[in-house]
Amino acid sequence: MIMMSNRQWLATGAGLILLLLMPLILPNFWLANILGRAMVYGIVALSLTFLAQYGGFVSLAQTMLAGVAGYAVAMMAPTAIPLGPLAMPYAFAIPLAVLAATLAGALVGLIAVNTREIYLLMITLALAVGFSLFAQSNIQWFRGYEGIRNIVGPEVFGRPFRTQIVFYYVALTTAFLLYLLVLYVVRTPFGLALQAIRDSARRTAAIGFSVALHRIAAFALAGFIAGCGGVLITFYNIGITPSSIGLWPTVTVLVMAVIGGLGHPLGAFIGALIFAVMDTFASSIIGHDRFNTLIGLVFLAIVLLSPDGIWGMGQRVSKLLRGKRTGTAAGGH
Amino acid sequence: MLALSRQQDSQSRRSREDPEAAAMHGEERLSLQFFLTVTLNGLTLAALYFIVASGFSLIFGLMRTVNMAHGALYMLGAYVGFAVFDLFYGSNTWGDYAWLIAIAAGIAATALAGVIMQVVFLGWMQGQELRQALVTIGLSIIIADQLLANFGGNPFQFFAPDMLFGPVQAPFIGRYPIFRLFQVGLAVSVGVGLWLLLNKTRLGIMVRAGVDDRQMLAACGINVPLVAVTVFALGAGLAGLGGVIGATAQPMALGVDARFLLISLVVVIVGGMGSIGGTALGAILIGLAEQWGQVLFPTYSVILTFVIMAAVLAVRPQGLMGRKPV
């Protein structure tokens with residue numbers, strides 16, 4: 001059961017219909033390179049938001065987990081260049097890749113199980129950068145610096161995956177389902193126990209919950225979500241390289257999630273959309289070479305001024321407006 | 001840009017591996033000589049890691065601030081140092097001292113950057129560890145990009161002064177670069193200096209008291225923010241020193257910020273946060289693991305570092321010499 005008020009359901013439905021109708025309004029470039037891209041990267045950011053908001057873990061391993069799925073699907077893809085020894089149809093490769101990311105997520109959870117907050121941030125960052133360095137130095141499986149190319153994805157209803165409209169709808173469906181999944185999971189007994197552990201691990205342990213198992217399971221679920229995003233990102237980029245999962249892409253996902261707001265799953269997609277729009281159009285304002293400085297400044301401003309991101313800013317503004325309305329209403333009586 | 005810097009990074013790694021490669025494929029491959037050479041390579045690498053990571057650890061120890069910009073500061077020190085070095089190297093009167101001036105400039109630039117970071121951004125959000133980490137991530141993005149904008153992406157290398165240049169005859173090993181031995185000596189002096197500073201000076205007493213109880217220290221009339229700024233400048237300055245030293249030992253290119261941030265993180269996670277001895281132990285372990293890993297199983301050597309980290313976390317989450325968090 002997903003706990004949403006009627007108004008929230010209505011808003012969700014309206015948002016979904018609007019996004020479904022987008023292909024009628026927007027040119028193909030916007031569909032795939034802005035909205036579609038925001039969705040697939042937003043999925044990875046969503047896995048971070050889920051961990052941060054409901055588990056209290058700000059993990060920097062999410063890009064790495066997406067990379068695990070991306071590399072797994074690339075190694076097993078039938079179209080890969082160079083073709084790996086494990087080549088198989090996409091119908092098997094995609095679920096196996098997501099499974100690999102889920103298991104990797106559990107492994108990250110296991111490694112970091114005893115750590116919290118800032119230590120967790122450090123350990124997950126170290127794991128993430130280490131994985132990308134490993135992928136870069138390993139030729140046999142990861143193809144070293146070159147990575148694996150031509151991962152074009154399966155055909156959907158007889159049309160190539162990378163047709164803009166196909167990619168858009170697949171990304172939208174996946175993102176929406178995973179968004180609902182997160183909203184659902186956090187109301188299940190598992191999700192509630194997870195939030196209890198976030199608030200007080202000792203007390204939750206005292207009433208008989210296994211803190212370690214819940215944490216590992218949360219990381220596995222986050223690995224599953226990030227893995228779905230990782231597979232789609234690999235199709236979007238037509239392949240995967242070590243530099244696509246290095247320090248900067250790792251930080252990028254954090255930047256997206258924080259700009260959007262870690263307080264709500266929707267924040268991940270808002271942040272990813274802002275990032276995609278800025279990445280695309282900043283070049284015409286400041287020149288693309290200095291994009292990093294711009295995004296760094298925006299990120300810094302958000303962290304300094306509104307640590308709960310755009311979502312939190314919106315919440316406060318709407319509360320302020322609502323407060324004013326009830327205030328005037330009360331004054332009128 | 002990113003791809004290019006990564007390539008350069010991997011090139012610089014390859015060139016660093018050269019001594020081992022020479023040792024492996026050389027005609028006179030004596031087992032003792034080989035063993036000692038690889039071990040000494042590990043220790044000299046550990047020396048550089050210690051210099052950089054001790055600054056990271058120092059800042060974390062007192063302020064619980066995880067300075068994610070430490071790698072960017074390392075790079076800042078190297079670039080500013082090189083700009084100054086370039087200026088003096090050609091001059092007749094100053095040419096001999098160019099390298100020393102570069103070190104001073106690198107330290108000064110990063111220490112100043114550290115002071116600005118602490119005063120403008122981090123000081124007033126003391127206690128919000130995660131937010132501080134995020135702020136330093138934002139700063140590191142900006143610093144790295146501005147360095148690229150101002151200095152370009154070409155790799156460069158310092159020339160060590162004649163005294164520290166060229167090989168020296170070492171017992172059992174044969175010819176060995178003298179600069180690498182100097183690196184070890186410098187790391188030892190930094191370690192001893194930090195130990196003396198923390199254990200024998202008034203500032204050290206204040207720092208150690210601050211680690212245990214900041215509020216009580218403030219109540220004793222100590223200007224805690226000033227102590228914090230001093231420590232931050234010192235820690236950042238060590239990153240700058242490491243930057244110049246590192247760029248003398250091996251060519252410097254963009255992308256090293258990620259590598260040295262990673263090294264700092266792993267070293268203090270393994271050794272224990274905020275402990276000088278722990279940082280030294282962690283640096284030695286990681287340096288040796290990296291060098292021996294490259295010799296024993298070249299393509300998987302990175303994993304060894306992380307196996308060590310995971311093993312330490314499983315057995316002692318606070319690090320080998322860290323105190324249990326209260």
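In chain B, 76% of the contacts with a separation of 6 or more are between residues 24 or more positions apart. For chain A the corresponding share is 74%. Both values come from a predicted model.

Chain B is built from twelve helices and two strands. Its elements follow the order α-α-α-α-α-β-β-α-α-α-α-α-α-α along the sequence. Of its 326 residues, 56% count as buried. The accessible surface of chain B is about 13,700 Å², and carbon and sulfur atoms contribute 67% of that area.

Chain A has 13 helices and four strands. Its 333 residues include 54% that count as buried. About 14,300 Å² of chain A is accessible surface, with 69% belonging to carbon and sulfur atoms. The C-alpha trace spans about 75 × 55 × 40 Å along the principal axes of the chain. A compact globule with 333 residues would have a radius of gyration near 20 Å, and the 20 Å of chain A agrees with this.

Charged side chains in chain A number 18 positive and 7 negative, and the centres of the two sets are 12 Å apart. Side chains of opposite charge can pair when their charged atoms come close. Over all chains, the structure holds five salt bridges. The table lists three of these pairs, among them one that crosses between chains.

| Salt bridge | Closest N and O atoms |
|---|---|
| Asp279(A) with Arg37(A) | 2.5 Å |
| Arg290(A) with Asp145(B) | 3.0 Å |
| Arg259(B) with Glu290(B) | 3.8 Å |

The pair within chain A comes first. Asp279(A) and Arg37(A) form a salt bridge with their closest N and O atoms 2.5 Å apart. Asp279(A) belongs to helix 11 (residues 265–286) and Arg37(A) to helix 2 (residues 28–55), so the pair ties together parts of chain A that are 242 residues apart in sequence. Both Asp279(A) and Arg37(A) are buried.

The next pair joins the two chains. Arg290(A) forms a salt bridge with Asp145(B), at 3.0 Å between the closest N and O atoms. Arg290(A) is in the loop between helix 11 and helix 12 (291–305) of chain A, while Asp145(B) is in helix 5 (residues 129–151) of chain B. Asp145(B) has a relative accessible area of 3% and is therefore buried, the cut-off being under 20%.

The remaining listed pair lies within chain B. Arg259(B) forms a salt bridge with Glu290(B), and the closest N and O atoms are 3.8 Å apart. This pair links distant parts of the chain, with Arg259(B) in helix 10 (residues 256–271) and Glu290(B) in helix 11 (residues 276–296), 31 residues apart. Arg259(B) and Glu290(B) are both buried.

Leaving aside residues up to four places away in sequence, Val298(A) touches Ile259(A) and Met278(A). His214(A) is 84 residues from Val298(A) along the chain, and the C-alpha atoms of these two residues are separated by 35 Å.

Note on methods
Residues numbered from 1 in each chain as written. Chains lettered and ligands numbered in written order. Predicted model: local features only at pLDDT ≥ 70, side-chain atom pairs only at ≥ 80, totals over all residues. Heavy atoms only, no water. Rg over C-alpha atoms; globule rule 2.2 N^0.38 Å. Buried < 20%, exposed > 50% of the residue type's maximum accessible area, 1.4 Å probe, protein only. Contact = heavy atoms within 4.5 Å. Areas by Shrake-Rupley, 256 points an atom, 1.4 Å probe, with all protein chains shown as cover. Lys, Arg positive; Asp, Glu negative; His and termini not counted. Charge placed at Lys NZ, Arg CZ, Asp CG, Glu CD. Salt bridge = Lys/Arg side-chain N within 4 Å of Asp/Glu carboxyl O.
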